[in-house]
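Q: I'd like to learn how to read a model like this one. Can we go through it together?

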There are 4 protein chains.
Amino acid sequence: MIWFNCDYSEGAHPRILERLAQTNFEQTAGYGNDPYCLQAAERIKQLCQAPQAQVHFLCGGTQTNLTVLAACSRPYQSIISPVSGHINVHEAGAIEATGHRIEALPHENGKITAAQIARVCKAHWEDDNPEFAPQPRTVYISFPTEYGTLYSLQELQDIRRVCDENHLFLFIDGARLGYGLTAPGNNVTLADIAALADVFYIGGTKIGALLGEAVVIVNPKLQKDFRYFMKQKGGILAKGRLLGIQFLTLFEDGLYLQLAQHANDMAALIKTVCKQAGFSFLYDSPTNQQFPILPNEMIAELEETYAFAHMGRVDNRHRAIRICTSWATRKEDVEQLTADLQKLAEKYHVAHRVSLIER
Amino acid sequence: MIWFNCDYSEGAHPRILERLAQTNFEQTAGYGNDPYCLQAAERIKQLCQAPQAQVHFLCGGTQTNLTVLAACSRPYQSIISPVSGHINVHEAGAIEATGHRIEALPHENGKITAAQIARVCKAHWEDDNPEFAPQPRTVYISFPTEYGTLYSLQELQDIRRVCDENHLFLFIDGARLGYGLTAPGNNVTLADIAALADVFYIGGTKIGALLGEAVVIVNPKLQKDFRYFMKQKGGILAKGRLLGIQFLTLFEDGLYLQLAQHANDMAALIKTVCKQAGFSFLYDSPTNQQFPILPNEMIAELEETYAFAHMGRVDNRHRAIRICTSWATRKEDVEQLTADLQKLAEKYHVAHRVSLIER
Amino acid sequence: MIWFNCDYSEGAHPRILERLAQTNFEQTAGYGNDPYCLQAAERIKQLCQAPQAQVHFLCGGTQTNLTVLAACSRPYQSIISPVSGHINVHEAGAIEATGHRIEALPHENGKITAAQIARVCKAHWEDDNPEFAPQPRTVYISFPTEYGTLYSLQELQDIRRVCDENHLFLFIDGARLGYGLTAPGNNVTLADIAALADVFYIGGTKIGALLGEAVVIVNPKLQKDFRYFMKQKGGILAKGRLLGIQFLTLFEDGLYLQLAQHANDMAALIKTVCKQAGFSFLYDSPTNQQFPILPNEMIAELEETYAFAHMGRVDNRHRAIRICTSWATRKEDVEQLTADLQKLAEKYHVAHRVSLIER
Amino acid sequence: MIWFNCDYSEGAHPRILERLAQTNFEQTAGYGNDPYCLQAAERIKQLCQAPQAQVHFLCGGTQTNLTVLAACSRPYQSIISPVSGHINVHEAGAIEATGHRIEALPHENGKITAAQIARVCKAHWEDDNPEFAPQPRTVYISFPTEYGTLYSLQELQDIRRVCDENHLFLFIDGARLGYGLTAPGNNVTLADIAALADVFYIGGTKIGALLGEAVVIVNPKLQKDFRYFMKQKGGILAKGRLLGIQFLTLFEDGLYLQLAQHANDMAALIKTVCKQAGFSFLYDSPTNQQFPILPNEMIAELEETYAFAHMGRVDNRHRAIRICTSWATRKEDVEQLTADLQKLAEKYHVAHRVSLIER
């Protein structure tokens, strides 16, 4: 089997493993107070053009989301998120478990708009008894989204403006940030993200690290006492350098973006073949996740060789799947897949132009 | 500087790093459903002589404690712990943050007794309105304790009996379990722990791993739905094999106990020298943490070369320190330290037999 | 101004005040352990034909909902509710603040169906990683609903069956229970409610009491330790008899249902006049809340004399309002209102048969 | 039986019941937005000489404590309290259930000192990793204490100074405030309380009301959004006027302090007799709770006629009891009790001067 089912099937980029081995017997302070964490944090701040920011390292996405959102919120405050947001569908109620309501808005291609956010706030504050509903306080969006799509710079600026007007924090989940930054057509830079968000994170787990997410806290209000939140949620590693070394390796000379670029390039090959074969897509993603809509029989035959995720029924004869590349995806595997896609497309005389219907 | 300040100053045992490198490009399922996690779990159950147990892998001690105790408790139930318990003093209120009160009992050498636990339960249930106080539900103890001391098998059996009589779960924090199991004078085996506790964990972070704790859930009541708790608390790693590979390496052929034994041996050398030089100890620990009481001037001079933790003032002229060895402690460093201890002991003409006063 | 804006504008039925005065200087035990609470509980169990049930008295609806749902749920479990459920829209995130996600389903006339509930459970349990989403555990519905509508006995039986099949508790919010039980066309009895729900409550605040809700716990699993939840949430009154005396007065000889019947009768008068005048309704309610759709100008003129709630725009020329009667509504006020409704209907030459469009 | 076991055995002062009856059919806004709540709040602010304060009404002590402390605290912050504090011993873990640790300090006569508080803060902030323990944020004390004792003005001023120096809120639990303000020897006024505390409450339940506590929020930081906390915790009554009417009645012309004075006078009679008979006291209380230490046989005989609380064993032959008077205590009952105390004291030839030993 060749796995395209997610972007965390392998271990870490070899340079990370080498660096861990090289530094293995150095004695360093624990809890993220070691030189590697400090250097990695400095480097990330530099790349973000945000010298006043704080950078902290956590183990995984759910942990990061629940820790950051706890820091953003008083007990009666809610988080605005797309219905499709990771926090809303795939974290076992982690946010609610910290006491907060997620105000989930209908999404389009995994995205919400500034106008939607403004409407939620207007409705809240115009109510006779606003205190009878949770108070909107933070906007949670993902870049790229859970469906691989991207906000444009203008869309992010509009959301920022609405956040400013409504006293909202903007938190950007960057579990796959690199895949977004290096995507064709993207016009958002890391520095833009840092300038627009109050807090965001740079995902390592899905782009080359064994584990790790780098939280960048831009807004000083959220910086204060953040390590208390980390500790209380079980998020401070004794051997914190494990995270610092990885992020230093990924960011000191551009490795992170190279790895992301590779995944996007591999995904683009798959996308092109699907398009040429006349298949539609559930979402039009320029990043490492592709959601082609394929005939049921073709999916069944593909599954004999490839692992991928299922996105549900589109019509009686078609389903959508998710094909995921990563920093570790081998070109020969992609070539085999694209060849098979072409071959099977002909075999099944597919009805092209399947209408785009979301699951 | 030579560091004796904790048991997590270095990385991982080299065999772990090698194994990570060897398996790096294998594609495995995520979230702990990979073959390494499964094999490691099987191996641990075998060593525990607990085939019906569940084994789960988490990243660190605080995360493990808060996840396990959430699973043990209904919202109105409390956890009985020694005042000196890690959950009570060093976890930023992580347990209270899950909604539970810690009923902290006076400790002796880091330990509590079956009789103390029985008294708490008796007082609760004899109250006219027991529902006006949290209901005791779980006993939390550490083996070894935070002060390096050990419960005897009899003491643990007594506690178990009181737990049975009072409908209590027994949770044993084994962040340093190996150091306890291999300590001179210890009469408790891994199988004993598994037979007596409802749930416990085997610490990897402090004994050879980069990170990781293996939770062994013996009581079926606590097994049900435990992965929901793990996910909700951010404790399921995408690349879960990172933990499985480490524990498999530590347990497949006895490496774990060898590493622990080494640390204990190194600590014993230090202990012997301190004793011979006439120093007293804050706690009489047979494990990798030693708490000698030394003259203030001697501590100051030691600090020029060695890093260690401070345990507070004993009298006007003496303080206690904590010297910690680990799996990675080098024999030559210990020899240098013991030589220095001997030399400085003579230099300061220490007043021997300082009375044992706890901080 | 004459108030039809809610069913809690006045104090309590005079017999309650008299009873409080008569018993005022009796010395009784606190915390709900007094004879009045005990008698009221016995009487309610008798009327419910549920001798094995527990009855507890709490102060208000939000307090009751959050206390009961905390008792129903482990930390990773969710509550299924209509989007329009009181817990989902009007309780300031009280349920999420106890750590639980509300799985809100689209409603029709304030109701959800057995089939919807079954689909949620099926989707959860068929997921590859069910533990990545909260586990459905409790169904929350209101009788009558927030829009005054009623579940039929068959609908409730169907929901019960789905709950049994999916290991779900059924919790019925009866803040306005009496209004439902005495509504024209209703075929559900108090004993039916007790037979079908695991737990429900009988609202006093909105039907004749100063404050108070009587929680009836039918399922023994939820009975255990319920008073701990009550105490921890601040729900045990020192002078608990205040609640017991009120419920005893309401239930010892049928006062509760008489009061509810009166409110329904008053609402029916208003409903009939609106219908005769050709107005449509946002929801077809047989209980004390009526939601007529009226021309904007007519609403403006009504507001000079009457207080009522606004339910939002229906089309360019019409809005829906909520007119609420209660046990305390005076017949002469209703007669004045119906006369005004008739007069204004003619004045504005209303376009009849406005299509039923939900806000 | 004559009950001296608590101060909430009866209903409400008759003037309150009369006022409820008089206003019963007035139609008012719900949720505490009625004229009575507004007038009562204004009157209390006037009496507190705190025009900038906010006043809110809640149902009971535990509810008030958990709501106020939630508003005072970020998730990682703790509450400093005497071990004997109501929140620490008698609220079923309500505070921990909101996520916060209670840092319980040894008490003397139910009180803690400024120096103790300062030491806790110093220890926290001097730790190498302060974020590994909850951060002290609020001091909780009771006036009078749970043992009927009082802080002097100087003691409160000292605590205030330490709070200012350490960025702490001061929250004073005034469940029995009136009994403290009217006690012999007390030198603290209501205005002093309002000037020194950031937030406090005036207990109604135990001094003449059916139920109700008036929270006075002096510090503007705690005023913002407080009603969200109230609503989320189930603390906003639909018929909020029930509380407003009661507090208006108690405070418009001094009734509250008269009722408290009466209880203190009754307690003083009992105290005097016990003293004259040579009995010692567990705590030296000038308020409505008295804790005499009596011979076991005498207690047994008293219990045939009187109900009171037990405070535990003092020595082999003596136990302490709690005798509680209230606004409703009848003088003839006290006279009967004092006569019996005198008679029994002679009968048992008691050994006087029992040493003061705390339970």
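Predicted model: local features only at pLDDT ≥ 70, side-chain atom pairs only at ≥ 80, totals over all residues.

A: Residues are numbered from 1 along each chain as its sequence is written, with chains lettered from A and ligands numbered from 1 in the order in which they are written.

Q: How many helices and strands does chain A have?
A: Helices (H or I, at least four residues) and strands (E, at least two) are DSSP runs, numbered from the N terminus. Chain A has 15 helices and 13 strands.

Q: Is F251(B) buried or exposed?
A: Buried takes 20 or more other C-beta atoms within 10 Å of the residue's own, exposed 12 or fewer, and partly exposed is in between, with C-beta atoms placed from the backbone. F251(B) has 21 within 10 Å, so it is buried. You'll find F251(B) in helix 12 (residues 241-251) of chain B.

Q: Which residues does F251(B) touch?
A: A contact means C-beta atoms, placed from the backbone, within 7 Å. Leaving out residues up to four places away in sequence, F251(B) touches A40(B), R43(B), I44(B), L47(B) and Y256(B).

Q: How many residues does the contact take from chain C and chain B?
A: There are 14 residues from chain C and 14 residues from chain B. On the chain C side, helix 11 (residues 226-232) gives the most, with five residues.

Conventions: Contact = placed C-beta atoms within 7 Å.
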